[in-house]
Amino acid sequence: MMQRRRYRFFSFLAPSLAEEAEFPGATDGPPYRPRRAMRRPWMIRVGSLYFSRMKWLLLFGDLVILWAVLLFSCVTWYGIPNGWRYALDSGLPISLTIGLYLVALYVADFYNPRDDYIRARKLVLAYAAGGVVTLLGSSVFYFLVVLRLSRAVFMIQLMIAPLLLLLWRFALYRLQQPRTAVILGSPSEAKLLQNLLQEFSFSDLRIAGTYEELSEFQTALPALREQRGLDLVIHSLACLERQEFLDLLATPQPDAVEMYSLPELYEWLSGKVACEVYPPQLLVAQLLAGRRTYRVRLKRIVDVVCSLLLLLVSIPILLLCAVLIKLNSNGPVFYRQARVGTRGRSFYILKLRTMTVLEAGQQIRSAQAADLRVTAVGRWLRIFHLDEIPQLINVLRGEMAFVGPRPWVVPCSEQRKEDIPLYSLRTLVPQGITGWAQVNCPYPSDLVGQREALAYDLYYIKNFSLLMDLRVLLRTVRAVLSKPSR
């Protein structure tokens, strides 16, 4: 017993010793690989969200680079001894600058594995993000004497940091060794995940094979371990109904093989739910589990406080927009429309009018990406999303939230319930001014797009939390800067 405890204590240095002590038969078969037995999980959880280890490594590298660049900037401007002391005394403003830089990188989409960073456009975006940080940091810190940081330090880091951040991504994506995985499931399910991975410019996951039957996988397992090694086994939900697969889960393995269900892994990588591979009962149970009471109440408190503050700040903007709307076209300033809210209850949404007034006899139809009904002033209001400001009143009333599935017009919602299964589940949480589907799939004009938008909405409901709301809000900033509103 004492010997086993000793092995467990040193297992973080030599996991193979601990494995051999507890499972003597683990050394049978292919040669043991200590590197794969270190049990470093591929996906790491934060709250209800999962991110791959590569993203965490990318974030850690960004932190190191930004700290090093700012320290180098201090030393370059003030000299070695004085610059070092200046950096130590300016720890708080430097930390705030780094935090602002990371937010700017996220908004500029620098943590997206689908994007190719070896492009001139990314270099321009990197310097643009650095320029925003330099402008905001030097302006805000100038008025806060306690947090004041030298503008020369900002300028030096602006010249160096963007280039190093891109080089870090190039090195990480080119030099990392992808994890090897096999898929246990039907060909259609395997194709779903493989198509997703093909969209990634850099993926830290490589599919070594797909097996529909468990017996085929067990036959090929020794060769996989000997030739390539095996890190992940991705299984369909149908595998959990087979006793032989449950026995495989309970059997000690000589490799530190991680097991992931295909639907959940697809969600973590894509940000949307694969509705076609989920049993409806299981999906509904998971959606209800994500809607915890304390999360709903905390979200409501944040919504009320933020909407009150934003309404006070936006009163001058509303007055200016009201004058421009009246001068540009005939009709009311505000626009009211019946929308479907939480649990299917209808309410009237408030917006600044951006279209011409509906003529008598005309039918209500959804807005399109380039709608001819939009007025000249309304086009600018939509570009900067100023038409959404009156919805803060809906948030105060409890009819909406800042973040949630976008509320649809009542006739359109009823039609979609008939065309799309599970569509009514999107009303399990409060409907929002912005939402996960809106920033990922803003204009679902056809049935395929509407189903994809539902998949994003269901992902949000499953991961319902303030952290998820923050993620949506940062994506919304990106959408506001790049796309017109709906």
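Helices (H or I, at least four residues) and strands (E, at least two) are DSSP runs, numbered from the N terminus.

The views below come from a predicted model, in which local features need pLDDT of at least 70 and side-chain atom pairs count only at pLDDT 80 or more, while totals for chains, interfaces and linings use all residues. Residues are numbered from 1 along each chain as its sequence is written, and side-chain values use heavy atoms, with hydrogens and water left out.

**Figure 1. Overview of the chain.** The chain contains 19 helices and 10 strands. Of its 486 residues, 48% count as buried; buried means under 20% relative accessible area, exposed means over 50%, and partly exposed lies in between (1.4 Å probe, protein chains only). The chain exposes about 25000 Å², of which carbon and sulfur atoms supply 64%. Accessible areas come from the Shrake-Rupley method with a 1.4 Å probe, and for residues only the protein chains shown count as cover. Among contacts (heavy atoms within 4.5 Å) with a separation of 6 or more, 75% are made by residues 24 or more positions apart.

Figure 2. Helix α11 spans residues 262-270 and is mostly covered, with eight of its nine residues buried. The buried residues are Leu262, Pro263, Leu265, Tyr266, Glu267, Trp268, Leu269 and Ser270.

Figure 3. The structure holds 12 salt bridges, each defined as a side-chain nitrogen of Lys or Arg within 4 Å of a carboxyl oxygen of Asp or Glu. In one of them, the side chains of lysine 462 and glutamate 267 meet at 3.0 Å, N to O. This pair links distant parts of the chain, as lysine 462 lies in helix α18 (residues 447-462) and glutamate 267 in helix α11, 195 residues apart. Both lysine 462 and glutamate 267 are buried. A salt bridge also joins the side chains of glutamate 452 and lysine 272 (3.2 Å, N to O). Glutamate 452 belongs to helix α18 and lysine 272 to the loop between α11 and α12 (280-290), so this pair ties together parts that are 180 residues apart in sequence. Glutamate 452 counts as partly exposed, at 30% relative accessibility, whereas lysine 272 is buried, with a relative accessible area of 15%.

Figure 4. The side chains of lysine 417 and glutamate 414 meet in a salt bridge of 3.7 Å, N to O. Both residues lie in helix α16 (residues 410-419), three residues apart, about one turn of the helix. An α-helix has 3.6 residues a turn, so residues three or four places apart point the same way. Lysine 417 counts as partly exposed at 37% relative accessibility, and glutamate 414 counts as partly exposed at 40%. Leaving aside neighbours within four places in sequence, lysine 417 is in contact with Tyr423 and Ser424.

Figure 5. Lysine 351 is placed in strand β8 (residues 346-352) and counts as buried, at 7% relative accessibility. Between lysine 351 and leucine 392, the C-alpha to C-alpha distance is 9.6 Å, although the two are 41 residues apart in sequence.

**Figure 6. A nonpolar surface patch.** Leu123, Tyr127, Leu163, Leu164 and Leu167 make a nonpolar surface patch of about 390 Å². The elements that give two or more residues to this patch are α6 (120-143) and α7 (151-175), and α7 provides the largest share, three residues. Leucine 163, in helix α7, is partly exposed, with a relative accessible area of 41%. Patches are made of residues with over 30% relative accessible area and no salt bridge; like charges are joined within 9 Å, and nonpolar side chains (Val, Leu, Ile, Met, Phe, Trp, Tyr) within 5 Å.

**Figure 7. A patch of negative charge.** On the surface, Glu212, Glu213, Glu216, Glu244 and Asp247 gather in a patch of negative charge. Lys and Arg count as positive and Asp and Glu as negative, while His and the chain ends are not counted. The place of a charge is taken as NZ of Lys, CZ of Arg, CG of Asp or CD of Glu. Aspartate 247 is found in helix α10 (residues 243-250) and is partly exposed, with a relative accessible area of 41%.
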